[in-house]
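Thanks, everyone. Please have the model open while I talk.

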Amino acid sequence: MRQVLQDLKTGAVVLMETPDPAPAAGRVLVRVQASLLSAGTESAQIARGRQSLLAKIREKPQLIQRGLAELRERGLTGIRGQLAARFEGFAELGYSCAGTVVHCGDGRLPAGSLVACAGAGAANHAEFVSVPPLLTAAVPEGVSAEAAAYTTVGAIALQGARQSAAQLGETVAVIGLGLVGLITAQLLRAAGCRVVGIDPAPAARRRGQECGCDLAASPETAVEAALELSLGYGADAVIICAATPASAPVELAGKLARSRGRVVMVGATGMTIPREEYYLKELSFTLSRSYGPGRYDRAYEDEGQDYPIDYVRFTEQRNMRAFLELAQKGAIHPASLTTHRFPVEQAAAAYQLLGAREVDRAGIILQYPASSAAPAKFSLSFRTARSLRPDAAGVGFLGAGAYASGMLLPLLKERADVALRAVLTRNGARALQAARRFGFATACTRLEEVLENPAISAVFIATRHDSHAELACRALRAGKHVWVEKPLALSLDELREVARALREHPELRLVVGFNRPFSPDAAWLAARLGNAKHRLMHYRINAGAVPASSWVHDPAQGGGRLLGEGCHFFDFLRHFAGARAVRVSTETTSSRREDLRRTENFAATVAFDDGSAGQVLYTAQGAPAMAKESFECFTGGVCGAIHDFKAARFFQGARQERRNAGRQDKGQANLLTAFLASVREGGPPPMTPDDLIESSLITLAAQGSLIEGRAIEVEALRRQLALPAAEDAN
């Protein structure tokens with residue numbers, strides 16, 4: 001399909017061929033008929049994309065801190081990878097469109113029905129879009145696709161009007177008569193309000209009067225107009241829809257509002273509030289959050305968890321529906337705002353017009369060819385110039401997120417024993433970006449393009465945690481070797497299915513990204529500790545906090561940090577103990593009233609059957625200045641330590657040995673080399689199925705102990721998994 005993208009390196013708007021989105025459960029697949037350019041949001045996005053690299057970094061100073069941390073941990077390679085991931089490739093454009101349903105994952109919308117779609121990263125300027133159900137709304141009879149393409153912007157305006165609590169007969173001032181301001185004026189007029197529209201541009205004021213403003217004024221004459229319209233009282237409410245870094249609109253709003261009036265920020269302006277004006281009038285100041293309740297809530301937008309109407313009358317989707325119903329009744333006329341229409345082939349010209357402030361323009365619509373064809377081209381092929389060994393392993397890669405793009409893919413790109421055959425993401429533009437950046441032969445959006453490709457012998461899985469077990473099983477049953485990022489499974493049932501798939505295909509290799517035992521520091525220390533039993537170990541992780549809204553904390557999708565990240569460190573203890581786990585006991589600083597699966601702070605003690613014991617102390621409560629990871633092991637009169645995988649120490653009597661690497665190496669490259677060698681040569685895998693399952697069982701036991709408040713016997717989990725008991729395995 002064709003999609004409008006911005007080249008982040010040059011800032012240019014380009015129309016590119018990307019793979020069609022594949023039908024997916026929990027998504028609505030739509031063939032787009034019309035999409036709306038946003039003068040505010042998209043103009044700002046385009047302007048940012050055209051800035052120099054230095055200017056982009058200055059806009060986000062937090063990137064400097066991240067970059068310094070990356071420099072300390074991974075050197076210049078890490079910095080280059082981080083900059084490339086953020087400032088190279090392509091950005092998707094658009095967030096408001098309308099089209100016909102091709103496939104609806106939950107069956108609520110019939111194929112062929114017209115729907116409005118919302119959301120950045122979903123309702124893009126593209127021939128096909130895949131959108132979460134709660135970000136779609138059925139278009140009623142009599143409303144055109146072009147009018148419906150305004151729905152997202154209309155929902156923003158409607159939410160702002162709701163936040164103003166404007167009532168029938170009140171006087172409302174609208175500052176800024178761009179698209180959102182013009183639609184706001186239409187909505188307020190339909191609600192029986194008197195409206196004064198304010199904008200410095202004469203053309204915008206003219207359109208404001210056409211849209212129903214009783215008066216349209218410049219900022220200089222606005223106060224006089226508001227007093228005239230309100231019989232001298234001032235505006236009951238002021239809605240700011242302007243876009244400027246200055247605080248002038250906020251200052252003007254204070255002058256326009258009557259005593260105890262209401263000011264609502266819908267646009268994006270400076271927010272320095274003049275205290276005297278706002279204090280003396282006792283004004284209220286409110287911000288309106290985009291389309292309405294549900295915005296930025298992943299559970300609502302991505303997972304489809306709607307808010308009960310008894311408690312939240314108007315959500316994002318209900319605002320979208322209300323806007324469309326008003327358009328059907330003729331109370332508002334969104335299509336009347338269209339000043340320019342372009343076929344999608346001329347998208348670059350449309351964006352040039354968007355940036356031309358001297359041109360009289362309002363709504364700019366992209367139009368798409370009429371067709372009834374369903375998506376069919378789920379992959380794009382490219383020529384690659386990589387020099388490869390004759391026995392290179394064909395690789396398919398699922399997912400291209402931050403870790404994959406920053407660590408695994410750069411490592412694979414440099415190897416001559418790897419043929420990068422296909423990269424898959426749900427989003428075609430991201431698949432295209434990964435393919436071009438790392439040199440894959442194919443970018444695709446449908447799993448079958450990877451699993452049914454005979455040239456692919458190994459599949460790498462770097463998707464979100466809840467898909468790991470299922471994808472690993474499907475890849476194994478398709479006859480592929482598998483590298484899956486941690487965790488292997490989020491439940492005992494998932495782990496059982498993986499174990500079953502492995503038993504069905506014992507000739508295949510399965511590796512989990514438990515890389516730390518393959519680090520040079522770990523190998524150096526293990527060689528010096530020897531085979532002594534009864535080891536006492538301590539692994540401290542100063543992990544840093546992850547935002548509460550992150551999918552990582554979601555028990556269903558990410559599993560929480562204990563399952564999602566703790567597995568790394570339980571595997572490391574198991575590796576150094578060289579024994580089977582007996583029981584696990586976990587404590588946390590969290591309250592039992594909380595969902596303990598979301599904790600970021602825990603201490604878990606693992607007892608092993610050879611008399612060894614180890615503790616994982618994982619915390620988000622530390623300071624970032626402290627090293628992230630520290631491991632210590634004591635056994636048989638000797639001991640050793642690893643410091644952030646940059647240095648290691650070994651102690652025996654009065655003697656001390658040191659290993660100073662100078663740069664961090666957590667073993668990813670070594671594990672990758674071992675895995676690919678076993679794939680090509682058929683040798684033993686770098687980790688056995690029993691090792692992988694054992695590490696996962698320890699992790700699940702730690703989670704169980706945390707939730708149940710008691711020690712968990714690992715043998716009981718082994719029996720539930722239908723694996724041999726400890727005494728039967730000898």
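Start with the largest nonpolar core, in what is a predicted model. This core has 104 residues. Which of them touch the most other members? They are Phe397, Leu412, Phe570, Phe608 and Phe631. Helix α20, residues 560–577, gives the most to this core, with nine residues.

Now look at Phe570. Leave out residues up to four places away in sequence, and Phe570 touches Leu562, Phe602, Ala604, Val606, Val616, Ile698, Thr699 and Ala702.

There is also a second, separate core. That second core holds 48 residues, among them Ala34, Ala116, Ile156 and Met320. As background, nonpolar side chains in soluble globular proteins tend to be buried together.

Next, helices. Two packed helices are described by the angle between their axes and the distance between the axes.

Take α14, residues 402–413, and α21, residues 668–681. Their axes come within 10 Å. They cross at roughly 55°. That angle makes α14 oblique to α21. The crossing is right-handed.

Who meets whom here? From α14 we have Tyr403, Met407, Leu411 and Leu412. They meet Gln668, Ala669, Leu672 and Leu676 of α21. Sort the contact of α14 with α21 by class, and you get seven nonpolar residues, one polar and no charged. Remember Leu412: this α14 residue was also named among those touching the most other members of the largest core.

The α5 side brings Val153, Gly154, Ile156, Ala157, Leu158 and Ala161. By class, the contact of α5 with α6 has 10 nonpolar, two polar and no charged residues.

Last stop, Ala222. You'll find Ala222 in helix α8, residues 222–229. Is Ala222 buried or exposed? Its relative accessibility is 0%, so Ala222 counts as buried. Its contacts, not counting residues up to four places away in sequence, are Ile198, Ala217, Leu252 and Leu256. Asp199 is 23 residues from Ala222 along the chain, and their C-alpha atoms are separated by 8.9 Å.

That's my tour. Over to you.

Key. Residues are numbered from 1 along each chain as its sequence is written. This is a predicted model: local features need pLDDT of at least 70, side-chain atom pairs count only at pLDDT 80 or more; totals for chains, interfaces and linings use all residues. Side-chain values use heavy atoms; hydrogens and water are left out. A nonpolar core is a set of buried Ala, Val, Leu, Ile, Met, Phe, Trp, Tyr and Cys residues joined through side-chain atoms within 4.5 Å. Buried means under 20% relative accessible area, exposed over 50%, partly exposed in between (1.4 Å probe, protein chains only). Helices (H or I, at least four residues) and strands (E, at least two) are DSSP runs, numbered from the N terminus. Contact means heavy atoms within 4.5 Å. Axes are lines fitted to C-alpha atoms, for helices over the stretch in contact, and angles run from 0 to 180 degrees between N-to-C directions. Angles under 35 degrees count as roughly parallel, over 145 as roughly antiparallel, 65 to 115 as roughly perpendicular and the rest as oblique. A crossing is left-handed if the near helix is turned anticlockwise from the far one by less than a right angle, and right-handed if clockwise. Ala, Val, Leu, Ile, Met, Phe, Trp, Tyr, Cys and Pro count as nonpolar, Asp, Glu, Lys and Arg as charged, and the others, Gly among them, as polar.
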